[in-house]
Amino acid sequence: MKRLIVLVISIAVISVIGVILQNDREEPATTTEHDTVKLPEPEKESATSIEEALLGRRSIRAYRDDPLTLAEVSQLLWAAQGITAHWGGRTAPSAGATYPLEVYLVAGNVNELPGGIYKYNPVKHELVKLVEGDKRAELCDAALGQRCVEEGAIAIVFSAVYERTTGRYGDRGVRYVHMEVGHAAQNVYLQAVSLNLGTVVVGAFYDDEVKRVINMPEEERPLYIMPVGRV
Ligand SMILES: Cc1cc2nc3c(=O)[nH]c(=O)nc-3n(C[C@H](O)[C@H](O)[C@H](O)COP(=O)(O)O)c2cc1C
């Protein structure tokens, strides 16, 4: 009888360990190391003064067909929404620190980075791969065929989850979200000047088409596309 009890307990313990190991293996694909790209640490100093960046800021829609480096991409994304305070504060202000913005990278011509669509994770300063392949031409179609969207080495796409801000501020939160994307986009403009790159904010596009190309979650709405390239 004793033997039988020991046998039953042993089988139960082995089964529980098996279930734990099985669950460990079933992590979602987006959290595996394969699908994330650690970005280089962004620079905190440059030879360009803020006055020079303001003076040089211009909308540029024609680019050379040369690749960007991963360090430049890292710098631009950090300028857009990078974390700059231990409590989570970012490079751009946010009403009530509700942070409604999401940032995507549509990569086409970047050294050390395969073409694809990536989501920027500001907390880890890394990219999460969503879609494989160069999607600049499709994004260009979604933006009424504006050639700059296809010709930039990359495009940065801003979207927003309005609910994060309207949940606290009601309808007024809508205007806060729109102000906020303006802050973030201006950061990218100024950072581009400092890196000797060209960019432009593109607001004319079909929302549904951009969402489809990017594979955006239902609750997000696209707000700006910023192609970036060498000038
Ligand atoms: C809300 C908004 C939407 C814009 N949308 C587009 C656009 O779809 N395509 C484009 O080429 N430029 C777009 N622009 C850029 C403006 O054309 C540009 O800022 C303006 O001509 C002034 O030039 P500057 O940015 O060089 O000072 C947009 C600008 C803003 C503020």
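Colleague: What makes Q75, L76, A79, A80 and Q81 in α3 meet residues in α7?
Modeller: Two residues are in contact if their C-beta atoms, placed from the backbone, lie within 7 Å. By that rule, the five named residues of α3 meet A184, N187, V188, Q191 and A192 in α7. The residues of this contact divide into six nonpolar, four polar and no charged. Ala, Val, Leu, Ile, Met, Phe, Trp, Tyr, Cys and Pro count as nonpolar, Asp, Glu, Lys and Arg as charged, and the others, Gly among them, as polar. This is a predicted model: local features need pLDDT of at least 70, side-chain atom pairs count only at pLDDT 80 or more, and totals for chains, interfaces and linings use all residues. Residues are numbered from 1 along each chain as its sequence is written.

Colleague: What makes α3 and α7 helices, and at what angle do they cross?
Modeller: Helices (H or I, at least four residues) and strands (E, at least two) are DSSP runs, numbered from the N terminus. Helix α3 covers residues 70-81 and helix α7 residues 172-194; their axes come within 7 Å and cross at roughly 145 degrees. Axes are lines fitted to C-alpha atoms, for helices over the stretch in contact, and angles run from 0 to 180 degrees between N-to-C directions.

Colleague: Why are β2 and β3 called a pair?
Modeller: Two strands pair if DSSP finds at least two bridges between them. Four bridges join β2 (residues 101-107) to β3 (residues 116-121), so the two strands count as paired. They run antiparallel. In β3, the bridge partner of V106 is I117, and that of Y104 is K119.

Colleague: Which strand does β3 join through six bridges?
Modeller: That is β4 (residues 126-132), again antiparallel, with V131 of β4 opposite I117. β3 and β4 form a hairpin with four residues between them, and H125 in the turn has a positive phi of about 45 degrees.

Colleague: What makes β1 and β6 edge strands?
Modeller: The open sheet has seven strands in the order β1-β4-β3-β2-β5-β7-β6, with antiparallel pairing. β1 (36-38) and β6 (197-199) each pair on one side only. Neighbouring strands are turned by 30 degrees against each other on average, direction ignored.

Colleague: Which helix lies across β2, β3, β5 and β7?
Modeller: Helix α8 (residues 207-214) does, running at about 65 degrees to β7 (221-230).

Colleague: How do you know which residues are around the ligand?
Modeller: A residue is near a molecule or strand if its C-beta atom, placed from the backbone, lies within 6 Å of it. The residues around the ligand are R58, S59, R61, Q146, V200, V201, V202, G203 and A204. By class, this shell has four nonpolar, three polar and two charged residues.
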